[in-house]
Amino acid sequence: MPRGIALKHKDAKATAPLTRAMNDAAHGFYFAQYLHYFAKDGFADALASIPSMFVWDDHDIFDGFGSYPGYLQASPVFRGLFIAAQRFYLLFQHHTTLARARTADGYLGVDRGGHSAVRQMGPHNAALLIDTRTERSVDTLVSGGSWTLIEEALRTQLAPSTRHLFVCATVPMVYPRLHAESVISVAGIAANAVGHVAGKMPWFSYLKKSGAFKTIVNSLGEPELLDDLNDHWTSANHVAERNATLDMLGRIARERGNLRITLVSGDVHCGGAGHIFPSSVPADQWLTHPAHMTQIISSAIGNIPPPGIVIRALHAVAKPLAVSGESGDLLTEAMLAPFDVDASEPTHKLPSDQRALMGRRNWCSVEPRGAMAGTLTLELRVEVNKGHRDGLTHAYPVAVLPKLTDAEFAAGGGGGKMHTSADGMTQDAGASLRQTAIPIVGM
């Protein structure tokens, strides 16, 4: 930790200068980190052989960056560390520079404030990568000006043939809500059951994304884990921006008529799935509704997952909640329950109230297959043997059906009627929806 931030008094931290030596050390640190990790066996091979798109999060800078109080975020030392991290993030993860990121490479942001992007992946699929770090503050994830650029890009850059848009937001938009009494509940459950792990690590370190135990003071003199609580889209400071983002995405899907939007995230060290759905519309009509969005959570492929008691505590607060927006739609957010069996013992059924999240290393594959033409199957591939290098996984599929236009639906795409796909096969869309349905937690 730079000594300017380790000072005791807030005023001193806010004004401590970034010395030349500190600046050189920061640039050297990030450069060395990228050289070290990008050259590692396995990862280097993946980078060389797999087309990749990246978007950064706090650990590409340092833990919790953007969610600390304004006096720290604006301090010379914080800004200097951010500039160094941004330089090598753009170089190694995007093969660009700050000077050319927008003019030549199509990244979106106001006044160099953000590196979001819309990327086409073939004729039918596209991705929106949202940079929620560059402009982040305690109260804001992305500036209003940058959101305007993102919405404009979605209207102008998507190919007319696009049927699926993946919205890549590093932190889940749909996740068990952990505020106020919920935080206290989770903290209590975990504290009673876990105590101290391995005799040295406090249980609350496993709740870094729950925001529990906020009275502990961290090395910056701020409440421990408050930065992680504020990292959530559903934190009290950010939920209105989350809802406005969902409104905007719904508008884009409604205008296009046949675009299905899926939210893809990680960060929380477990796998899971949830969705936003129109609560006033029967499930067999979700095929035509622009606001129905599936949330996939795949995290992490390398980090150690939290203890089972933490996952059980998160399930305890995973309740359906109303979504407040301006679209006029009555929406609900809820976790899905894709994990019906234990990954290590597939014959062992998991309790019905413990199927939304799984605390094991995992990754997610996407394949164009399913009972209905245009369906994408997202499989959460969960490790069978915890921490083992054999790479064996158990697959938990989540089907994302295409969004039908009203005309497609009326012509036989729903209500149990038959329709003909591009390959000439006749299919029962109503049956497809029933076959791919995953139970909703708490309903």
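Predicted model: local features only at pLDDT ≥ 70, side-chain atom pairs only at ≥ 80, totals over all residues.

Tutor: Residues are numbered from 1 along each chain as its sequence is written, and side-chain values use heavy atoms, with hydrogens and water left out.

Student: How far apart are the end C-alpha atoms of helix α9?

Tutor: Helices are DSSP runs of H or I with at least four residues, numbered from the N terminus. The expected span is 1.5 Å times one less than the number of residues. Helix α9 has 18 residues (239–256), so it should span 26 Å, and the computed distance agrees: 26 Å.

Student: Which class of aromatic pair do Tyr34 and Phe92 form?

Tutor: Rings of Phe, Tyr and Trp (its six-membered ring) pair if their centres lie within 6.5 Å; planes under 30 degrees apart count as stacked, over 60 as edge-to-face and the rest as tilted. Tyr34 in helix α2 and Phe92 in helix α5 are 58 residues apart. Their ring centres are 4.8 Å apart and their planes are at 5°, so the pair is stacked.

Student: Is Phe88 buried or exposed?

Tutor: Buried means under 20% relative accessible area, exposed over 50%, and partly exposed in between (1.4 Å probe, protein chains only). Phe31, at 35%, counts as partly exposed. Phe88 has a relative accessible area of 5%, so Phe88 is buried.

Definitions and conventions. Helix = DSSP H or I, 4+ residues; strand = E, 2+ residues; numbered from the N terminus.
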